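Keep the viewer open and follow along.

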Amino acid sequence: MAKKTVTMDKLVALCKNRGIIFPGSEIYGGMGNTWDYGPVGVEIKNNIKRAWWKRFVQESENSYGVDAAILMNSRVWEASGHTTSFSDPKMDCKECKSRHRADNLIEAHSKGKVNPDLMTNEEMEQYIQEHHVCCPVCGKFNWTGIRTFNLMFETSRGVTDESQNKIYLRPETAQGEFVNFLNVQRTTRAKIPFGIAQIGKAFRNEITPGNFIFRTIEFEQMEHQWFCKEGTDGEYYAEFKQRAWQFLLDLGFNPEHLRFKDHDKLAHYAKAACDIQYDFPMGWSELNGIHNRTDYDLSRHQEYSGKSLTYVDPVTGEKYIPYVIEYSIGADRLMLAVLSEAYDEETLEGGDVRTVLHFHPALAAYKAAVLPLQKNLAPKAKEIASMLKKHFPISYDEAGSIGKRYRRQDEIGTPYCITIDFDTMENDTVTVRDRDSMEQIRLNVSELVDFLREKCAF
Ligand code: ATP
């Protein structure tokens with residue numbers, strides 16, 4: 001495995017200095033664990049979402065997209081079980097008042113050897129007592145008991161503050177796909193098996209957010225629900241594991257930095273569940289999940305809404321509630337993985353070190369940077385940049401030495417630098433420098449669009 005030079009501190013600093021990600025509400029002293037995507041970051045994140053949508057909607061047979069409302073009827077969350085059981089076991093340190101998740105304390109104390117997912121709250125409390133697990137912040141041992149803490153953000157609808165007006169910011173996008181199951185099926189005339197996908201914001205009042213954009217209280221999910229007949233679910237579960245894995249490889253991930261992890265404890269409705277973990281700068285952690293959710297979600301929505309969500313097979317007339325295979329990945333978490341995987345510090349001839357993001361060109365904020373060698377070449381360079389901007393996002397930079405300008409583009413992962421020199425004025429050719437190999441070729445201006453299109457396709 002290639003030794004990765006990346007640390008979280010280096011990534012955070014690069015993101016802040018290069019317009020990728022800024023701390024949220026920074027001029028007011030920040031707002032814990034919120035982050036704002038800057039001019040470069042928004043492009044990269046949009047490209048990640050575009051690549052995912054292309055793979056799982058556009059190129060997928062029988063998959064359809066939706067964009068459902070964030071605010072949903074509160075009955076949705078009763079049906080899904082979130083109102084009663086979307087919670088984490090919280091413990092407070094009475095000495096320093098810091099807040100912790102009991103399961104995380106046990107995992108850290110046992111160095112991953114004990115799996116708290118298999119424990120009840122009482123068993124977790126007992127473990128913490130018996131093993132004298134101290135507060136990781138102040139080192140003291142003076143805990144409150146475990147309290148379960150619902151992670152849903154509440155707000156209220158309308159002008160009065162009555163409890164019946166209580167609504168929630170959705171904690172996952174999946175329910176927007178489930179409640180639209182028959183709408184999508186009817187309007188697309190899709191036959192089982194088919195999929196519904198969505199990309200959108202989700203909100204969780206996480207007890208222990210952190211690790212940059214790994215765990216935040218507001219984030220984006222990319223979710224694909226595959227509706228299939230009971231009996232075929234095992235086969236599709238295996239297929240989605242494979243497709244989720246392949247997507248990451250095609251984005252350029254080294255398979256040695258990825259691994260499957262089966263869930264030890266399944267939710268009561270799940271038949272099978274696993275994560276793909278990535279070797280993040282802080283260690284192996286969940287990147288995405290794949291779940292066999294059985295017919296639980298649609299059955300519950302049928303029960304709670306009183307509306308039939310039964311599928312009628314148009315050929316056999318058979319009626320049934322489909323099973324669901326869910327594939328879910330956070331756009332922000334994938335962005336963190338993409339940045340970590342791409343980050344490199346390379347020592348150049350002469351001893352200089354360049355920081356470079358080697359990610360897939362399709363994910364780059366700018367497909368090329370147009371750089372006039374000298375200021376008097378700027379009009380020609382601007383003309384070429386405007387021509388290219390009709391096809392791709394392009395960066396233009398005329399400030400500083402050419403070497404410095406290359407370095408700036410390397411740091412944001414621009415795959416090609418196009419240099420305009422005196423020969424360009426003579427014969428309409430330019431120099432194209434490759435980000436990864438740093439090799440340069442000479443191309444005619446008329447060849448640039450096709451060249452970039454081919455190199456930057458996903
Ligand atoms: P975790 O165990 O990390 O809390 P989870 O198992 O609760 O995650 P899911 O509910 O399966 O996660 O959500 C699907 C995906 O959404 C995760 O694999 C992750 O990529 C992303 N995700 C979940 N919670 C967060 C969060 N707080 N911040 C950023 N991304 C998140």
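In which helix is the place of Val76? Val76 sits in helix α3, residues 74-80; helices here are DSSP runs of H or I with at least four residues, strands are E runs of at least two, and both are numbered from the N terminus. Before going further, a word on ground rules: this is a predicted model, where local features need pLDDT of at least 70 and side-chain atom pairs count only at pLDDT 80 or more, while totals for chains, interfaces and linings use all residues. Residues are numbered from 1 along each chain as its sequence is written, and side-chain values use heavy atoms, with hydrogens and water left out.

Back to Val76. Val76 counts as buried because its relative accessibility is 9%; buried means under 20% relative accessible area, exposed means over 50%, and partly exposed is what falls in between (1.4 Å probe, protein chains only). Leaving aside residues up to four places away in sequence, Val76 touches Gln175, Val179 and His301, where a contact means heavy atoms within 4.5 Å. Take Val179: 103 residues separate it from Val76 in sequence, yet their C-alpha atoms are 8.3 Å apart in space.

Now hop over to Gln175, one of those contacts of Val76. Gln175 is found in helix α7, residues 174-178, and it counts as buried because its relative accessible area is 0%. Its side chain makes a polar contact of 2.7 Å with the side chain of His301. A polar contact is a pair of N or O atoms within 3.5 Å; within protein, one must be able to donate a hydrogen and the other to accept it, and residues adjacent in sequence count only if both atoms are side-chain atoms. Again not counting residues up to four places away in sequence, Gln175 touches Met72, Val76, Trp77, Ser80, His82, Arg293, Asp297 and His301.

Arg293 on that list deserves a stop. You'll find Arg293 in the loop between β13 and α10 (296-305). Is Arg293 buried or exposed? Arg293 counts as buried, since its relative accessibility is 5%. The side chains of Arg293 and Asp297 are joined by a polar contact of 2.8 Å. Beyond four places in sequence, Arg293 touches Gln175, Phe178, Gln225, Tyr269, Val324 and Glu326.

On to the ligand. Which residues come nearest to the ligand? Of the 16 residues around it, the nearest are Arg204, Glu206, Arg215, Thr216 and Glu286; a residue is near a molecule if one of its heavy atoms lies within 4 Å of it. The side chain of Glu206 has an N or O atom 2.7 Å from a nitrogen atom of the ligand. An N or O atom in the side chain of Gln221 is 3.2 Å from a ligand oxygen atom, and a backbone N or O atom of Gly330 lies 2.9 Å from an oxygen atom of the ligand. Taken alone, the ligand exposes 590 Å², and the protein buries 84% of that; these areas come from the Shrake-Rupley method with a 1.4 Å probe, and for residues only the protein chains shown count as cover.

Three strands, β10 (218-228), β13 (283-292) and β16 (323-330), each supply at least two residues of the shell around the ligand. The largest share, five residues, comes from β13.

Next, look at helix α1, residues 8-17, where Met8, Leu11, Leu14 and Cys15 are buried. They lie on the same side of α1 because they cover an arc of only 130° around the axis, the arc being that of the directions from the helix axis to the C-beta atoms. The face turned away from that buried side carries the exposed residues Asp9 and Asn17. The buried residues of α1 pack against β1 (21-23), α11 (331-342), β17 (343-347), β18 (353-357) and α13 (402-412). After α1 comes Gly19, with a positive phi near 75°.

Finally, zoom out. The chain's secondary structure comes to 15 helices and 23 strands, and 50% of its 458 residues count as buried. Among contacts with a separation of 6 or more, 65% come from residues 24 or more positions apart.
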